[in-house]
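Subject: Structure handover

Hi,

Here is the structure I promised to pass on to you. My notes on it follow below, with the cut-offs spelled out as they come up.

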Amino acid sequence: MDFLELVETRHSVRHYQPRDVEPEKLERILEAVRLAPSGSNRQPWKFVVVRDPEVRRRLVEACSGQQSVAQAPVIIAGVGLMPDRVMRCGVPGDPVDVAIAMEHLALAATAEGLGTCWIGAFYQDKVREVLGIPDSVKVIECMTLGYPEGDPRPKTRKPLDEIVCYDRWEDSEPAE
């Protein structure tokens, strides 16, 4: 499958088959994460891979009651190690760097026939407690990983002319 087809195939999975992810697939996915770019190649991250069913069950409450967190055979927490770093453009660096790596994870998983879902609705302190993550760093994202159950719903996206402008900013909606 070519890259655009891979991107079109990727979707958020909220229901998983009761089937383990093969170690060789998980390793290839984690290798894609390792190869992700980061600002100045700092690689300011650590990824906590959770396979233990009891830990996943404890993460459900930490992730706002989302049952897919217990259902998925793997949860991966992306942790930023430099929470105070701000890029020259004024944007915090860790969320950008970890998000790039997590998107590598999502696309690599899709290429392996697996599904993922970004989990942004979580309680920082509770996830830290469950996973033993120190207060000096920040959990940026959690992601479920496993074999999807059922078919994805159709993907809807805005047309390009609503989200892209060339050479200069243009409002796509008239100003009020």
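There is one aromatic pair in the structure, where a pair means rings of Phe, Tyr and Trp (its six-membered ring) with centres within 6.5 Å. Its members are Trp 45 and Phe 47; the ring centres are 5.7 Å apart and the planes make 50°, so the pair is tilted (planes under 30 degrees apart count as stacked, over 60 as edge-to-face and the rest as tilted). Both Trp 45 and Phe 47 are buried (buried is under 20% relative accessible area, exposed over 50%, partly exposed in between, with a 1.4 Å probe and protein chains only).

Please keep in mind that this is a predicted model: local features need pLDDT of at least 70, side-chain atom pairs count only at pLDDT 80 or more, and totals for chains, interfaces and linings use all residues. Residues are numbered from 1 along each chain as its sequence is written, and side-chain values use heavy atoms, with hydrogens and water left out.

Two charges sit over rings (NZ of Lys or CZ of Arg within 6 Å of the ring centre and within 35 degrees of the ring normal). Arg 19 lies over the face of Tyr 147, 3.6 Å from the ring centre, and the charged end of Lys 126 is over the ring of Tyr 123, at 4.8 Å from its centre.

Now to the sheet. It is open and antiparallel, with four strands in the order β1-β2-β4-β3; strands are DSSP E runs of at least two residues, helices H or I runs of at least four, numbered from the N terminus, and two strands pair if DSSP finds at least two bridges between them. β1 and β3 (115-119) are at the edges with a single partner strand each, so one side of each has no neighbour in the sheet. From one strand to the next, the twist averages 20° (axes are lines fitted to C-alpha atoms, for helices over the stretch in contact, and angles run from 0 to 180 degrees between N-to-C directions).

Helix α5 (residues 93-111) packs on this sheet and touches β1, β2, β3 and β4, its direction making about 5° with that of β4; contact means heavy atoms within 4.5 Å. Helix α6 (residues 124-131) also packs on the sheet, touching β1, β2 and β4, at about 70° to the direction of β4.

Finally, a backbone detail: Gln 43 has a positive phi near 50° although it is not glycine, and it lies in the loop between α2 (23-34) and β1 (45-50).

Best wishes
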